[in-house]
Amino acid sequence: MNKETTQIVKKLLASPQKILIVGHKNPDGDAVGSCLGLFYFLKSLGHDTTVIMPNDFPDFLKWLPGCEEIIIYEKEVQKSTNLFETAGLVFTLDFNSLERVGGELQKVLENCSAKFVMIDHHQQPADYAVATFSDVKMSSTSEMVFHFMDALDEAKKLSKEIAINLYTGIMTDTGSFRFSSTSPTTHRVAAKLIEAGAECATINQNVYDTNSPERMKLLGVALNNLVIMPKLHTAYITLTQKELDDHNFKKGDTEGFVNYALSVKGIVFAVIFIENKQESIVKISFRSKGDFSVNDFARNHYSGGGHINAAGGKSSQDLNKTITEFISILPRYKDELTHAS
Ligand code: 5GP
Ligand code: MN
């Protein structure tokens, strides 16, 4: 965090504040981990702090210290709205534009008179905050919360609760320290978090070894639906609403499926299309290797965005039309896909 932003934040936090911390819709490990890490940190500085998520988060995160205190906007609209009316400061974490909270909550945020602070690592940050700590090179927002504490000369406040939350966010957003966003500094931060009480084996088990039999069967269906297009170095997976329903789909169950498509030899671009009849959309996750930017691809064609190698978006066409359109777009990218890595 640069000196100017640090000074602004120091001033904002100089006296006790009513603070809300907000993550993005469909919160993932980094959204929940970074928000809860910051929650414990700001509480330790004497601020009245609450975490609000737009909607529920996956069961595999429901052991994180402090997660029971998170308010889910969808479930407690009135209580959340009141909190926004009285908040002095709103921290927005792990997203780059207010659209990412979705629905009514976006309007609540747009009309909120509190001062905003953004901590985020996505491309093209919007300009709504009085202090914007944005760094697209960072592995995760959770890593940034560690640097945020450090910049405020408060690394000594690193508690076991903070360490567990931040480690979980870093671990999940880097695919367990595999993606290219994992820097030497990421490992140094992880080491400090382990020293502060984050047990890596326990955290790994809590996050990854909680598969339900239904999820494993759904993975089987997803792998069976895998389509490989060798000439375009692309592989994609589809899941229909019926396939999800038949396997008692729960939030988070499809997390990581797209990585199997990316793990096929020679593939640099992987996509998963997931039908969501309730929202009348197809939710899409994009992953890539090398310099093929799925952030650009998602922005250009699917009202989405994210990072160079991991992004998301959606289509309001039905699943079949979405796939047909995707297949028709792809050849335009043949050169880029061929030279990506
Ligand atoms: P995932 O595919 O795991 O849902 O998301 C991958 C990355 O893309 C995450 O960093 C996530 O925040 C971002 N992302 C996912 N969906 C969307 C979307 O609809 N719009 C934008 N702008 N970013 C998204
Ligand atoms: Mn993130």
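Predicted model: local features only at pLDDT ≥ 70, side-chain atom pairs only at ≥ 80, totals over all residues.
Residues are numbered from 1 along each chain as its sequence is written, and side-chain values use heavy atoms, with hydrogens and water left out.

Begin by selecting residues 29-44, helix α2, together with residues 160-173, helix α6, whose axes come within 8 Å and cross at roughly 160 degrees; helices here are DSSP runs (H or I, at least four residues) numbered from the N terminus, and axes are lines fitted to C-alpha atoms over the stretch in contact, with angles from 0 to 180 degrees between N-to-C directions. The two helices are therefore roughly antiparallel, a term for angles over 145 degrees.

Next, show the side of α2 that includes Gly29, Gly33, Leu36 and Phe41, which belong to the set meeting α6 residues, among them Ile162, Leu166 and Gly169, where contact means heavy atoms within 4.5 Å. By class, this contact has 5 nonpolar, 7 polar and 3 charged residues, with Gly counted among the polar ones and Asp and Glu among the charged.

Then move to Asp153, in the loop between α5 (141-151) and α6, where phi is near 60 degrees, a positive value in a residue other than glycine. Asp153 is exposed, at 53% relative accessible area (exposed is over 50%, buried under 20%, partly exposed in between, with a 1.4 Å probe and protein chains only).

Finally, select Asn248, in the loop between α10 (241-246) and α11 (257-262); its phi is also positive, near 50 degrees, and Asn248 counts as partly exposed at 46% relative accessibility.

Conventions:
Chains lettered and ligands numbered in written order. Parallel < 35°, antiparallel > 145°, perpendicular 65-115°, else oblique.
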